[in-house]
Structure formats: C-alpha cells, structure tokens
Amino acid sequence: MNGTGDAPPDAPGGARFPRWRIAAGAVLVAALLATPVWGPRLLATLDFFKVRKVEVLGLRYTPPGEVLARLHVDTTRSVWDPLDPLAARVATHPQVESVVVTRKLPGTLVVDVTERRPVALVQAGATLRAVDERGVILPLDPSRTPVDAPVVTAPPRETAVYHLLGAMQRESPRLYARLSAVRFAGGGELLLQLADLPVRTMTTVTLARLSDIEPVERDLARRQLRAAELDLRYRDQVIARLP
C-alpha cells in the first residue's frame, strides 16, 4: 500500500507554479549544485523548495499516518534539509526494516519504506500475534490487518524455525503458501502441515531439504497414490506413509 500526505499549507494557493518559474528553478538548482559546499544551503532558504507534499511508498502493514508522524515535517521545512535524520526517525518504527528518503523537486519528499514482513502467527495470551523472521513480535493486530502466515507453536527461544519460514517465504513462495501450521513435536522434531499433508522433519531442516517434498508428491500422483504423511527425518530419504 502506498500513502501520500500533503504538508499543512502555510499560504493559500501556494502549491502551483507557472512553467517558466519551474524552468528557471531547474537552472538555478543546476547552478547551485555545481557548488556543493554552499549550494544546497542557499537552496534551502528559498520558498520555492519548501515541502508541500510527502509520498510514502512500500507500505502494506503500516498506516501511512504513523510514518508521517515520525517523519515530522511541515511547510517550514525545505526539501534541501538533510535527509538522513528524516530516514532515521522513520526507521524507529518497529514495523520498518529500512527506509530511504529522496527529493522530488521542487517540493516533494519521497519516503520509500521496506517493512518487516510477518512470517508466522504465534499464540500470545488469548490472541494470535504476528512475528518476523527474527522471532520478534510485530505491532500488527491480525484481527484488523490480514496476515497470511502459518500458526507456529514454538518454545519461546526457538528462532531457527522463523529464519526457515523467512527463507521459505522469499525463495519457495508456493511451498510457503501451502503451510498452515508448524508444531514442535519434542525430541528436536517438527510437524509441518501443508494443506492436508503432514510432513515430519527435524528442527535443523533446511530449505533445500524441504524442496524434496514436491518431486515425491509428483511421483505419488503419477502412481495415483496419496500419502498420509511424509517423513524427512532420515538422511537422503523421503518416506511416504500411505493411508
């Protein structure tokens, strides 16, 4: 989701400029930027470059208003003011992984956000909470913001499964989309629920090992067989238990 915010106006009718003024401004900018020591400082004093609009890109889970609040700019600021402090303020939001702030002349700031993506839902009291691949709870309310992620039952300090889910989300999205639940079965074992197919494996399983699931399923389908469970616990083997 993308968001756009207009900075509060400080004078009526101040958002439009004749084309000749824009062209003249472009020439002025080019000349002043050729003198980087003092050029941007002088540009920052000109009303022509006051902030009139903020564009926020890359949002899916974070309300744009929360980003704008952390950005904390208004029409008294210039687009030539330093950008790093603006990015640093936005980066304090717990949903934000990284942010880049750029200028769109004459009066727009563009805030491009990369969010921390939820990879799992975990039980927290009587509710489900979203966590990222670090195992950190995100400031999301799944009852208000839909989160398509498997429910994980994990010991509090077990983070390897979240790293695995993050890698699966990026590199094997089809497999991740089928995953509805992950349960720790004790003894270092995991039980993955892929739609109606349980997969038994170990907590040390890799994404490369999980990729063995699909060719086994295709082979079973050719033979018109359906597994009740796949077992990946044994090295270099996939055991298909039939009903």
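**Figure 1. Asp 231 and its polar partner Arg 233.** In this predicted model, the side chains of Asp 231 and Arg 233 meet in a polar contact of 2.6 Å. Asp 231 sits in strand S11, which covers residues 229-231. With a relative accessibility of 0%, Asp 231 counts as buried. Setting aside residues up to four places away in sequence, Asp 231 touches Arg 200, Gln 237, Val 238, Ile 239 and Arg 241.

**Figure 2. Arg 209 reaching a backbone oxygen.** Here we look at helix H7 (residues 207-210), where Arg 209 is found. A polar atom of the Arg 209 side chain lies 2.3 Å from the backbone oxygen of Gln 237. Is Arg 209 buried or exposed? Its relative accessibility is 14%, so Arg 209 goes down as buried, the cut-off being under 20%. Leaving out neighbours within four places in sequence, the contacts of Arg 209 are Leu 232, Tyr 234, Asp 236, Gln 237 and Val 238. Gln 237 and Val 238 also turn up among the residues that Asp 231 touches.

**Figure 3. The largest nonpolar core, around Leu 165 and Leu 210.** This core has 37 residues, and Leu 165 and Leu 210 are the ones that touch the most other members. Which helix gives the core its largest share? That would be H5 (residues 160-171), with six residues. If you zoom in on Leu 210 and skip residues up to four places away in sequence, you find it touching Leu 164, Met 168, Leu 175, Leu 192, Val 205 and Leu 232. There is also a second, separate core of 21 residues, with Phe 48, Leu 71, Val 79 and Trp 80 among its members. As general background, nonpolar side chains in soluble globular proteins tend to be buried together.

**Figure 4. The one aromatic pair, Phe 49 with Trp 80.** Search the whole structure and you get one aromatic pair. The ring centres of Phe 49 and Trp 80 are 6.1 Å apart and the planes stand at 80°, so this pair is edge-to-face. The two residues come from distant parts of the chain, 31 residues apart: Phe 49 is in the loop between helix H2 (39-43) and strand S2 (53-57), while Trp 80 is in the loop between H3 and helix H4 (84-90).

**Figure 5. The buried side of helix H3.** Helix H3 runs over residues 64-71, and its residues Pro 64, Val 67 and Leu 71 are buried. Why do these three share one side of H3? They cover an arc of only 60° around the axis, and that puts them on the same side. Just after the helix, His 72 takes a positive phi of about 55°.

Figure 6. Glu 55 counts as buried, at 15% relative accessibility, whereas Leu 57 is partly exposed, with a relative accessible area of 29%. The Glu 55 side chain makes a polar contact of 3.0 Å with the side chain of Lys 104. The C-alpha atoms of Glu 55 and Leu 109 are separated by 6.2 Å, though the two residues are 54 apart along the chain. For Leu 57 and Val 99, 42 residues apart along the chain, the C-alpha separation is 9.7 Å.

**Figure 7. The S3-S4 hairpin.** Strands S3 (residues 96-104) and S4 (residues 108-115) run antiparallel and are joined by eight bridges. Three residues connect S3 to S4 in the hairpin. Lys 104, the polar partner of Glu 55, stands opposite Thr 108 in S4.

Figure 8. How many bridges join S5 to S6? Five, between S5 (residues 120-124) and S6 (residues 127-131), and the strands run antiparallel. Leu 121 has Ala 130 in S6 as its bridge partner. Two residues lie between the strands of this hairpin, and in the turn Gly 125 has a positive phi of about 70°.

Conventions:
Residues numbered from 1 in each chain as written. Heavy atoms only, no water. Pairing = 2+ DSSP bridges. Helix = DSSP H or I, 4+ residues; strand = E, 2+ residues; numbered from the N terminus. Buried < 20%, exposed > 50% of the residue type's maximum accessible area, 1.4 Å probe, protein only. Arc of directions from axis to C-beta. Polar contact = N/O pair within 3.5 Å; in protein donor to acceptor, adjacent residues only side chain to side chain. Contact = heavy atoms within 4.5 Å. Phe/Tyr/Trp six-rings, centres within 6.5 Å; stacked < 30°, edge-to-face > 60°. Core = buried A, V, L, I, M, F, W, Y, C linked by side-chain atoms within 4.5 Å.
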